[in-house]
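Let's take a friendly walk through this structure together, one region at a time. Please have the viewer open as you read.

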Amino acid sequence: MKVAVVGATGMVGEVMLKVLAERNFPVTELLLVASERSVGKKLTYNNKEYTVIGLADAVAAKPQIAIFSAGGDTSLEWAPKFAEAGTTVVDNSSAWRMDPTKKLVVPEINANELTKDDKIIANPNCSTIQMVLALSGLHKKYKMKRVVVSTYQSVSGTGVKAVKQLENEIAGIDGEMAYPYPISRNVLPHCDVFLENGYTKEEMKLAREPQKIFNDKTFSVTATAVRVPTSGGHSEAVNVQFENDFDLAEVREILSNTPGVVLQDNTATNSYPMPMFAHDKDEVFVGRLRRDESQPNTLNMWIVADNLRKGAATNAIQISEYLIANNLV
């Protein structure tokens, strides 16, 4: 299996290489791809050194799979070129997510929709992935009506420049800023750019992507996305109103049996999800389950995941594993 990792020198690209190695992904030939300024750089994968190549060379090499994490503009320009060469692209940017001709995939939920004809497959937003995975079994059982989500997103979701800003501020060093304000000892109600409707792009991703993943527009999502001074791991407070009533014991059982979900929900022992527990793990952690006493059929829950792994790299690699296992590449 000839595999290209596009954006290999970036933060998510590095995690992709780590996850590929950990999962013993069947790579026979690996192409590490980045922008022109990174061409010639050396990277190590599985104790072997590789030289970073450019996008044109990678297309010419005709890999079976190209996993992209190189930004929306790069994906819009280059994903079709790979697809034309016969490569199946799994794209981590927002470029193709809401394109009606492209599948938006969380493998545990809707990988069975994939076919050999899907040459560009979209990886959902990191915050969306952890939310829909936690809600998937509950939606099947009780039918979601409305979801209200507030996120607590780490700086690694913005990228290496933001992580450096936080580190500099903690150390008392003046440096380049990724945000319009300090992030240390602060909280920014501002993830991505503001849109005309007053929401940010991140908030609208959370509103729209779940409907596409579940192929269901009978429920609605409203979001407030917030950046917090943690270096990794996204957290979400989710309030979900169902069409049908639920039993909390049954909710716990459904979550315990949802692939990729770990239930951490014991207030007697202060057991609840936190970014420090989710760090470097592929699972989505769910806890603080309680009935919303202000209205019927409504559940409050707390969801945490490593945004660079299940929120990005791992989900893309799981899609690739599914393609291989089902002879779709």
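A residue is called exposed when its relative accessible area is over 50%, and buried when that area is under 20%. Keep in mind that we are looking at a predicted model.

Because its relative accessibility is 56%, Asn327 counts as exposed.

Now move to helix α5, which spans residues 126–142 and packs with several other helices. Take helix α8 (residues 248–256) to begin with: the two pack at an angle of about 130°, and their axes are 9 Å apart. That angle makes α5 oblique to α8, and the crossing is right-handed. On the α5 side you will find Ala134, Gly137, Leu138, Lys141 and Tyr142, which meet Glu250, Val251, Ile254 and Leu255 of α8. Sorted by class, this contact of α5 with α8 holds six nonpolar residues, one polar and two charged.

Helix α10 (residues 309–325) meets α5 at another angle, about 85°, with the axes 8 Å apart. Which term describes this arrangement of α5 and α10? An angle from 65 to 115 degrees counts as roughly perpendicular, so α5 is roughly perpendicular to α10. Here Cys126, Ile129 and Leu133 of α5 come up against Lys310, Gly311 and Asn315 of α10. The residues in this contact of α5 with α10 comprise three nonpolar, two polar and one charged.

Next comes α7. The axes of α5 and α7 come within 10 Å and cross at roughly 40°, which makes α5 oblique to α7. As with α8, the crossing is right-handed. From α5, the contact draws on Cys126, Ser127, Thr128, Met131, Val132, Leu135, Ser136 and His139, and from α7 on Glu202, Lys205, Leu206, Glu209, Pro210, Ile213 and Phe214. By class, the contact of α5 with α7 divides into eight nonpolar, four polar and three charged residues.

Is Glu202 buried or exposed? Its relative accessible area is 6%, so Glu202 is buried. Beyond its neighbours within four places in sequence, Glu202 is in contact with Asn125, Cys126, Ser127, Gln153, Cys191, Asp192 and Ala225.

From here we can turn to the nonpolar interior. In soluble globular proteins, nonpolar side chains tend to be buried together. In this model the largest nonpolar core has 51 residues, and the members touching the most others are Phe82, Leu138, Val286 and Met301. Helix α5 supplies the largest share of this core, eight residues. A second, separate core has 33 residues, including Val52, Ile67, Ala111 and Ile121.

Setting aside neighbours within four places in sequence, Val286 contacts Ala134, Leu255, Val261, Val262, Leu263, Gln264, Asp265, Pro273, Met301, Trp302 and Ile303. Of these, Ala134 also takes part in the contact of α5 with α8, as does Leu255.

Finish the walk at strand β6 (residues 88–91), where Thr88 is found. With a relative accessibility of 1%, Thr88 counts as buried. Not counting residues up to four places away in sequence, Thr88 touches Gln64, Ile65, Ala66, Asp118, Lys119, Ile121, Leu323 and Val329.

For one more distance to check, Val90 and Leu104 are 14 residues apart in sequence, and their C-alpha atoms are 9.9 Å apart in space.

Key
Residues are numbered from 1 along each chain as its sequence is written. This is a predicted model: local features need pLDDT of at least 70, side-chain atom pairs count only at pLDDT 80 or more; totals for chains, interfaces and linings use all residues. Side-chain values use heavy atoms; hydrogens and water are left out. Axes are lines fitted to C-alpha atoms, for helices over the stretch in contact, and angles run from 0 to 180 degrees between N-to-C directions. Helices (H or I, at least four residues) and strands (E, at least two) are DSSP runs, numbered from the N terminus. Angles under 35 degrees count as roughly parallel, over 145 as roughly antiparallel, 65 to 115 as roughly perpendicular and the rest as oblique. A crossing is left-handed if the near helix is turned anticlockwise from the far one by less than a right angle, and right-handed if clockwise. Contact means heavy atoms within 4.5 Å. Ala, Val, Leu, Ile, Met, Phe, Trp, Tyr, Cys and Pro count as nonpolar, Asp, Glu, Lys and Arg as charged, and the others, Gly among them, as polar. A nonpolar core is a set of buried Ala, Val, Leu, Ile, Met, Phe, Trp, Tyr and Cys residues joined through side-chain atoms within 4.5 Å. Buried means under 20% relative accessible area, exposed over 50%, partly exposed in between (1.4 Å probe, protein chains only).
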